[in-house]
Amino acid sequence: MDCSRLRTLVHRYCAGEENWVDSRTIYVGHREPPPGAEAYIPQRYPDNRIVSSKYTFWNFIPKNLFEQFRRIANFYFLIIFLVQLIIDTPTSPVTSGLPLFFVITVTAIKQGYEDWLRHKADNAMNQCPVHFIQHSKLVRKQSRKLRVGDIVMVKEDETFPCDLIFLSSNRADGTCHVTTASLDGESSHKTHYAVQDTKGFRTEEEIGGLQATIECEQPQPDLYKFVGRINIYSDLSDPVVRPLGSENLLLRGATLKNTERVFGVAIYTGMETKMALNYQSKSQKRSAVEKSMNVFLIVYLCILVSKALVNTVLKYVWQSEPFRDEPWYNQKTQSERQRNLFLRAFTDFLAFMVLFNYIIPVSMYVTVEMQKFLGSYFITWDEDMFDEETGEGPLVNTSDLNEELGQVEYVFTDKTGTLTENNMEFKECCIEGHVYVPHVICNGQVLPDSSGIDMIDSSPSVSGREREELFFRALCLCHTVQVKDDDDVDGPRKSPDSGKSCVYISSSPDEVALVEGVQRLGFTFLRLKDNYMELLNRESDVERFELLEILSFDSVRRRMSVIVKSATGDIYLFCKGADSSIFPRVVEGKVEQIRARVERNAVEGLRTLCVAYKKLNPEEYEGVGKLLQAAKVALQDREKKLAEAYEQIERDLILLGATAVEDRLQEKAADTIEALQKAGIKVWVLTGDKMETAAATCYACKLFRRSTQLLELTTKKLEEQSLHDVLFELSKTVLRHSGSLTRDHFSGLSTDGQDYGLIIDGAALSLVLKPREEGSSGNYRELFLEICRNCSAVLCCRMAPLQKAQIVKLIKFSKEHPITLAIGDGANDVSMILEAHVGIGVIGKEGRQAARNSDYAIPKFKHLKKMLLVHGHFYYIRIAELVQYFFYKNVCFIFPQFLYQFFCGFSQQTLYDTAYLTLYNITFTSLPILLYSLMEQHVSADALKRDPVLYRDIAKNALLRWRVFIYWTFLGVFDALVFFFGAYFMFENTTVTSNGQIFGNWTFGTLVFTVMVFTVTLKLALDTHYWTWVNHFVIWGSLLFYVVFSLLWGGIIWPFLSYQRMYYVFLHMLCSGPAWLAVVLLVTVGLLPDVLKKVLCRQLWPTATERIQTKNQCLSAEQPTVFMLSQTSSSLSF
């Protein structure tokens, strides 16, 4: 025995067992085990401090600066600033240093404030008082001082300060109720169980005297998984070993409910608790707009380098002429003459880079961040998206993806709780072919004794009656429902039985519906007490069953079982689960009749479960107990061993019957899906439900229409044909009319022919995604994607959570790279929500895990319509204009500077004053575009909701395509040519003032700058459709601010300046009549092409949006006329 143990250890530590899980040993109460038991090896673990902050007082500045300068734009401007400091450049370092300092400071203040709030929250949490046992006495200390191994006492309504193993409670049965709302949002009460051998400990002395060690896995973030065992030592015998699972683990952040107090031992503290491990941030998602912005930035960087190179080359070409390099008034020193030519050229190149660097808009990034952050509040403030029933409103977990809501091409939605209400109602049950409907309604009246009405044939026989009662007992016993006698409980709903007031509490609405349904059929579940389940039968007799084992439900097995012992000593295994999970394990029962009823109910959209049982003799149960115990105490591969044990136990069952529960469709779910399809968005439903149930829901919500031809790629179909044949047959079907039919590019709907709907199940999907052995793994995927592209809707049923994410990933990385959105309400939807470009959680009854892991959260599925068609549309057009406008106005700004070099001998002379260079992007032109990007509504919100087709106008990143980008760039170049050469030709005769004064280069530059500021601001005014007093104030206020600033800047001699070159320049310019004419004329000419383009395009090639705008303008113009005519007619009637 010792040799085998040694071999195992050698294999684990030397050879490396693949599935070996590292574990930790915890000494309960820090008490050493008795001599001879095992070696006492004290271990160091972190304290109980929670740290959610990123910075400390000492590392904030270096760490924040490092993070900010990792952004390429910030780093670029830092390099430019350093170049200006090192070499002799034409502009002051202030011109690039001040904007960079402004951006860095604003971002640092924002991040610092957010981190200060996190510090504040951490301190409040870490200083909470906690009761723990020390030397068999109750002591109080701060939460942060807790250590692994401390025994903690928690009172009712307190939160658990760390992850604890539940030792005992004041309840005799050693149970407690907790809510995990702060962890996964589930407000329902969950029952946890104390360790069997310690649940009787009530006092501090008894708990303090406990001598035990706990072996468990190292910390990991899964909230629902825990593997461990406890060794309890006594003086009389060997240690008692008990398995520990998630039912014994009390998590930090959960709250104790309906239990006076509990004792537990700390096993994970501080940042090792499961709650803290779940703090880890999700992978960063980047929007299509951000990617376009970065590409455009690279283009402008190339333009910048090209300009600098051209100017550098031309400078040396121009200076190659005699006397140009060294004119008589600017003689070089000897050291300057001896400098290396290449070094001089490189220095000049850097100087030109500095001169033209303003073409890269550093302030664009901070403006975009502010726009996203402030714009996200419009979703949270939207009263139309507030749900009165739940009292919930929309949540924005990230503002980085606002504009992505306007680019969605595929929506992947869960069914239960997302399209449906997840509000279950028991409809019927079928027992051996006999159908029972609780409270049958006849002529609007509930029949008094209609608890078991046979809807098919005659009443069951005596043996049938026994099976009937056994079925009802199975429903009363096979569940995890808890009963609470109080009314004020966070349970799903109250029992309808007026005779006994009960509240059934469960994390699953299905279970509550079944227990309530069987209560209306005459069997009432009363309570679980001291491991005994009590129920009230039809004769009002109380029956007691000892609960021996629970074989918990999981999404792989899709079933659960209980083993109970009746008062007569009979041992039963009751099993309930999905039909696909139960039927293969059944050896007896009226399978065909029940299968037919299940399929009929599924077609009607009802959720079905099958119920089976088998009787165990004492010897069989003893074998079952040993099998389960061996699996439960395993520290390695416990889940795998339990699954194998369950598989052996849950076989050779006798089928009793089936149940049908209705999950009603959510309000306006059908309207929302129809609107999304009209908007050109493809909707896919991904569900774990069976095909018939899911298909019925798809018809109800108008995903499938009666005219839709359904194509199946299911396990049933693959039993008849090979995957290769099925895929090619489907491909031929959908592509048969591809030559003659026009198919809508976005929605997949045929404009003049048949549209198709595809149904695929999880098993078939696994085969499609499985790499083919002959090496051509991509063929099936591409063929499957081609079929999907030509279908108007796709239903994926029997999907595991990971398969949902695989489907999203498959579409996301297909050759078109469409923008995907995933929406769901349960923990099983988290994987696809994280995988999609945009993840939306529905704040539903399955908890808030989906909402916590999503980018946005909404109360109901119907709110998705407004979120995409209105908010997404507005966000996209606003930020697209912001990005294009920033590049446009910087081209207008820098291109005249480039042209000016041809007239100043490439001497790197600046056209504008330093103050203008610095403040152009920070103050003169920043506020109007920021406000535009927050408030612009090119079409009313009602029009966008009423006409979903408008969403197609902005699809596929329409406003940031290369064609639009090139148009804006050329418009900027044209305007720059107008500003520069307009001013140049107008001032060719420089004597343009009445007193004969001559204009200098600073007046020329100021005139160009003035025309530019007015043109770019008025260009934005022309693009604005939604005017408010705020727009007027900011646009005209910006122009006024520029004029006032220029008057002050040039009207006062500033003592802190080493130069006074701008003194009286602006006033001097305004004294000239030709200068006024130049401003008016050049602004008009600069705006003219854009106005002409807008008028011509609107008349000749109007988009759907422009048609709506024209229609609204006509209506608004007609209203005053109609009002005047009505007033005239009313006056004439007198």
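Reader: How many of the 11 residues of helix α29 (residues 914-924) are buried?
Author: This is a predicted model, in which local features need pLDDT of at least 70 and side-chain atom pairs count only at pLDDT 80 or more, while totals for chains, interfaces and linings use all residues. Residues are numbered from 1 along each chain as its sequence is written, and side-chain values use heavy atoms, with hydrogens and water left out. Helices (H or I, at least four residues) and strands (E, at least two) are DSSP runs numbered from the N terminus, and buried means under 20% relative accessible area, exposed over 50%, partly exposed in between (1.4 Å probe, protein chains only). Helix α29 is mostly covered, and the number of its residues that are buried is 10.

Reader: Which residue caps the N-terminal end of α29?
Author: A polar contact is a pair of N or O atoms within 3.5 Å; within protein, one must be able to donate a hydrogen and the other to accept it, and residues adjacent in sequence count only if both atoms are side-chain atoms. Here a side-chain oxygen lies 3.2 Å from the backbone nitrogen of A915. The residue that supplies this oxygen is D913.

Reader: Is K865 buried or exposed?
Author: K865 belongs to helix α28 (residues 863-900). Beyond its neighbours within four places in sequence, K865 is in contact (heavy atoms within 4.5 Å) with D671, T672, A675, V870 and K945. Because its relative accessible area is 15%, K865 is buried.

Reader: How are α30 and α34 oriented relative to each other?
Author: Helix α30 (residues 926-935) and helix α34 (residues 1029-1051) pack at an angle of about 160 degrees, their axes 9 Å apart; axes are lines fitted to C-alpha atoms, for helices over the stretch in contact, and angles run from 0 to 180 degrees between N-to-C directions. Angles under 35 degrees count as roughly parallel, 65 to 115 as roughly perpendicular, over 145 as roughly antiparallel and the rest as oblique. The contact involves L927, P928, L931 and M935 of α30, and V1030, N1031, V1034, I1035 and S1038 of α34. The orientation of α30 to α34 is therefore roughly antiparallel.
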